[in-house]
Amino acid sequence: MADNDWPLTLEALEAAGFEVKVTGDVHYIPKVADAAKDPLDNAFTWLWGTGEANGPSDLSITVNNTLDFQKTAGEFKDVSNTYNQKTIWISGGLKTYFGGNPYGLTETPGNFPYSETTNGNKLTLTVKEGATFLAKLFGSRNDLGGYDQTSDSGATANNNKVTVQMEDGSKLYAKLIFGGRSSQLDGVSGDNGVVHAGFETNGNVVNIVRFISDGADKDAGEVVNPDSFGIVITKGIFGAEGYEANNNKVTLENTVVVAGMDGARKLGLVGGRGLYYYRMNYDYGASKYKEVVNGATGYVSNSGETVLYYPQEEGGDPKKVSAIANNNIVSIKNSYIGYHLAPDENDWSSWYNESAQDQDVGFSIYGAWSTGVAMNNIVAAEDSIINGNVIGGLEFQDQMKITGGQPRDLHSNLVSLKDTTLASGSSIYGTATATTKPDENDKDNRYNRIDEREIYAVNRRRGIAYIAGEVAADSAYVRYISFGQYLDTSRLDNKESYEVFKDYYPQAQSSTREQVVLNREDPLEKATVHLNGSESGSIHVGQQVAGSYLINRNGYHSSLAATDKKNQDQTATKGQHNFWVGAYANLSDSVNGDGTSFDTKVKLFSDEGNVNHGYASGELSLLTHDDGMWYDHTSREQDSSLGAENSNHRPALMHQFRYHYQGLVLYLGVNDGESGEPVVRISFDEIANFRTEQKQNTNAFGNTFIGIIKDGTVYQKDSRVGGDQTVDASLMTFDVPGFEINQGGDHVADATYAFYKYMHFDGHDGEFEDENAAGEKISVSGKVSDPGEEAGVGIKYWLKSVNILPGKLLVLNGKLENSELYVEDFQSGDTSKPKQELFTLSAELTGAGGVAIAKDSTVIIGSPNTIYNIDTEKTDTKPKVPGDGKALYEVVYKTPQPNSYTGATIVSEGAMLVLGIDGALGKNDTKYTSQLHIGSPEAGTKPANVYLQGHVQTVGASRL
């Protein structure tokens, strides 16, 4: 069919390859005359459904082949506001007034057979293999705007559904896709041009899937030929848009989405968009809140409770909101969003060329976007590539910019990513806000509108992220982050109203709950998968890089300065510092106790650029697992090249763990350092100052809390005033019981691991360059890694105690003759740790089982120099003797606690057992080893040895 042979009847349209099925009736209005065109979109061709018995419609359309009559000069042009445009507007349900003004209407006029309802309609579009189609899609659209200004009544578009099925090699040019859109009185100005509450667009769904007839699947991460996938080229996908856009959902599965305009990087895919024609409660001249909302006096939550989103001034009225977008979901699986399609493959590519970079054609994703409030929204992605920012929710809270110097107190939203890569230039935002300005065409406040083109994200570390498997992004701007868990996209239901904030998260001005059992009946918890077994992505003690981890391409920096010059506000957070408040890791029960290596050197990436989950020489010996409890209080000479924190070694445990720790680290976040910049630049002092100023203080001294999730329980430790001075391990660490030590496939012991309560940052005490709020270059002190070197962040942990099971032997693999012992260097120039600590078991031994020292190895049992042996009552953390490198502090130790296991102790052929403390093999009336068996009775075997080192030891019997 030629360019100008437009089908004027539905029969002609179907003859061209456009197949229609409907429950009820379908209406086709081709080339609507100018006098009767769509008053909102200037559309000229409409097709919609009407249901049976005044009910909703179920409209199904199949495009069997390319519709050539939609082409202009051989291409599918995106043409607007002209009679010659070739787009077909399709809606499951429609209420409007072609040729007239629908804004004052409560009922549709009789000149067209509009739908009886714009609630509950369905639209299914299938684009067959090799076909191309140009359309704008709605589950339902309701333009009627008649209302009583004293009530909340208004036109609605609720519970509609759009399904798009793409076959291989097909293309859909979609101007926009909406699950539902309610009236926004787009063209009304003056007194009626303000926001009106009550126009609902709730419960709508958009599904875009690649139709797979043979059941085979393809990996979106391996897309090289667009013909192998159906391609959706679009300017935007919205679950819903309206004043109230709650509980909507957009699902993309096995889908490739290409940006149809450059603005898609700012706003591409949105679960629910709380928007009322861009109007906002804002006084442009005074730069402050201005009441312009008709209707609701507050938002009524799902529980029926009226929620006021702003502090109510004493004696004042509650403030209303510009729009609402809560409990929306975006679900993405095995998809490529923001795919860089070559210009000759994309008829909508006039805004980019062959030299365009991936980030130039990005497509950002939002759980929700609102000029008012957005809370409890979710973006969940699995096995996908996303070329664009991923934002749980963005809310303006009726402010175009920060007012009164106090940042907006943002609500919680959630991003869950599993084995997903965000392309270069793209970041994770749990919750974001933005700055903007009034529309240039609205200076007289006729509409009270903001300018969509002038919206710039603000770097606020708010909201929540879940990380499972390998996830890569430029940055993760969140407040709380959990590793080793994700939201199962198949379990997410937009009919549920999820609460994404967990009551165990550390909060300002409140105590942190130290041990919390997860609520299995919580709807969000039911949708959450915890990787706590042996599955891919599971996290185990003994790993170097955790099974679930984040690659932060921009590094781990506390500065909130903008990094995206095009899409972020360049001044709002300049000079401010913050980082994650809480980081959580889901740990597996299982511990591999067969390791023999003492090479604890950290090498995060292989020469091929892959992360190293294990250590270079293989599985580590259990004797290295407890090195983190070793304590060094040796004073150091002041190094003028470093900051004041390192001028002398204070005994405080926070200082010890921050600057002198040499135990194992389980890395949750890594970076290869190839940018040449320091990977880690964290100013604890600046973070603490920011949190205090912004009333977010958690008494954590600028640190990030660490929490462990295991067996359905969350473990963590509260902060307290003065915690930066204490030497009390019970205040700075926490224990997690119930780990299973397995040797030779046998469960031989249960273990308790201990964890430092704050996050580990690689690097040393130093200074780095920053800018203050005025844009002046300044020097900031903190933790900084060496330029160009790999580095990361993680968890400091150690084996605290082992309970050996009855009838079992715990084999301790010690130092072999001439084996290399590596002392990890977490602080530049610090290699003072005695190497014998590497093959010392400092962890407490209990239980009815026994211990075996492995053949030809040397093992020391017991160490006096641990954080648990500090006498907290007698140790004064104030300096005693000033002076160059002398003992500035006096640390007093207690007598070490003896072990209490009662099984046999076997020193194998050629092995040596060294006692490090009195009672290393047990010491009291009944709690000691039942037998000390030294060597082998076989002729010709190497002798075994026990070296007491002057320590006292009781044994039940000895066998030599």
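Modeller: Gladly! Let us begin with burial: a residue counts as buried if its relative accessible area is under 20%. By that cut-off, both F579 and F761 are buried. Please keep in mind that this is a predicted model.

Colleague: What makes F579 and F761 an edge-to-face pair?

Modeller: Ring centres must lie within 6.5 Å to pair, and planes over 60 degrees apart count as edge-to-face. The centres of F579 and F761 are 5.5 Å apart and their planes are at 65 degrees, so the pair is edge-to-face.

Colleague: Why is this pair said to tie together separate parts of the sequence?

Modeller: F579 sits in the loop between β43 and β44, whereas F761 belongs to strand β52, so the pair joins parts that are 182 residues apart in sequence.

Colleague: How many aromatic pairs does the rule give in total?

Modeller: The count is 39 aromatic pairs. One of them is Y556 with W580, with 6.3 Å between centres and 85 degrees between planes; since over 60 degrees is the cut-off, this pair is edge-to-face too. Y556 lies in strand β43 and W580 in the loop between β43 and β44, 24 residues apart. Both Y556 and W580 are buried.

Colleague: How do you know that R449 lies over the face of Y277?

Modeller: CZ of Arg has to be within 6 Å of the ring centre and within 35 degrees of the ring normal. R449 is listed over the face of Y277 at 3.9 Å from the ring centre. R273 likewise lies over the face of W369, at 4.6 Å.

Technical notes
Residues numbered from 1 in each chain as written. Predicted model: local features only at pLDDT ≥ 70, side-chain atom pairs only at ≥ 80, totals over all residues. Heavy atoms only, no water. Phe/Tyr/Trp six-rings, centres within 6.5 Å; stacked < 30°, edge-to-face > 60°. Helix = DSSP H or I, 4+ residues; strand = E, 2+ residues; numbered from the N terminus. Buried < 20%, exposed > 50% of the residue type's maximum accessible area, 1.4 Å probe, protein only.
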